[in-house]
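The sequence and structure are shown first, and a description follows.

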Amino acid sequence: GRVVIDGIDATALRGEAQRQLRRKIQFVYQNPFASLDPRQTLFAIIEEPLRNFEKLSSDERRQRVAAVAQRVALPLELLTRKPRELSGGQRQRVAIARALILQPAILVLDEATSALDVTVQAQILQLLQQLQRELGLTYLFITHDLATVRRIAHSVTVLRAGEVVEQGDTVTLFNAPQHPYTRSLIDAIPAFRPLIKESA
């Protein structure tokens, strides 16, 4: 297959053109415990893409790191710490800050909330929605969690064994799924049932 972004076939790019595309598309990975270098400070982790892609003074890099940390609600005093000293939610905020530091147009989020507990997951999803509104980002959100899909996605593509079986806007797809596989996925979403107190 092909990946076409703004009319450009990304799979055909090589060399500097491919490198520049990486500025435009950044990744946030599933596991915030494994995706951050344990030897680096948070400041160095967030700063690293700037060192690779932009010729800035150390003061300019420091300002950019501070600005993006504040944007993802990461306290500046944490930037001297190592990833092991943080909670899962804080680590994922670091990963998001690192992805945003180059001011990309597209974020690919691969199961970006699945390793977090439910409360922290809700906070990260709220942050992602806020960032999308403020920065005009496009998200490619890869997940098995259909409740998250329904909350965050504007359009949905359903894959089965690597093949697209259905796609459409979120409301239509959830309310009137056409493919049997999509229907089975939606039927598998746990329904909330209030507990009934047994009478004595």
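Among the elements of the chain, which has the lowest mean pLDDT and which the highest? Strand β1 (residues 4-5) has the lowest, 86, and helix α3 (residues 58-71) the highest, 97. Here pLDDT is the predictor's confidence in each residue, from 0 to 100. The chain averages a pLDDT of 91, and 96% of the residues score at least 70.

The model is predicted: local features need pLDDT of at least 70, side-chain atom pairs count only at pLDDT 80 or more, and totals for chains, interfaces and linings use all residues. Residues are numbered from 1 along each chain as its sequence is written, and side-chain values use heavy atoms, with hydrogens and water left out.

**Overall make-up**

The chain contains eight helices and seven strands, which are DSSP runs numbered from the N terminus (helices: H or I, at least four residues; strands: E, at least two). Its C-alpha trace spans about 65 × 55 × 30 Å along the principal axes. Of the 200 residues in the chain, 40% are buried, that is, under 20% relative accessible area with a 1.4 Å probe and protein chains only. Among contacts with a separation of 6 or more, 60% are made by residues 24 or more positions apart; contact means heavy atoms within 4.5 Å.

**Helix packing**

Two packed helices are described by the angle between their axes and the distance between the axes. The table lists two such pairs.

| Helix pair | Angle | Axis distance |
|---|---|---|
| α4 (residues 88-100) and α5 (residues 118-135) | roughly 20° | within 10 Å |
| α2 (residues 42-53) and α4 | about 25° | 7 Å |

α2 is therefore roughly parallel to α4, a term for angles under 35 degrees. The crossing of α2 and α4 is right-handed, meaning that the near helix is turned clockwise from the far one by less than a right angle. In this pair, L42, I45, I46 and P49 of α2 meet V94, A97 and R98 of α4. Their contact comprises six nonpolar residues, no polar ones and one charged.

α4 and α5 are likewise roughly parallel to each other, and their crossing is right-handed. From α4, the residues G89, Q92, R93, I96 and L100 meet partners in α5, including V120, I124 and L128. By class, this contact has eight nonpolar, three polar and one charged residues.

**A residue in α7**

T170 lies in helix α7 (residues 170-175). This residue is buried, with a relative accessible area of 6%. Beyond its neighbours within four places in sequence, T170 is in contact with V149, R150, A153, H154, S155 and V156.

Definitions and conventions
Axes fitted to C-alpha atoms, helices over the stretch in contact; angles between N-to-C directions. Parallel < 35°, antiparallel > 145°, perpendicular 65-115°, else oblique. Nonpolar A, V, L, I, M, F, W, Y, C, P; charged D, E, K, R; others polar. Buried < 20%, exposed > 50% of the residue type's maximum accessible area, 1.4 Å probe, protein only.
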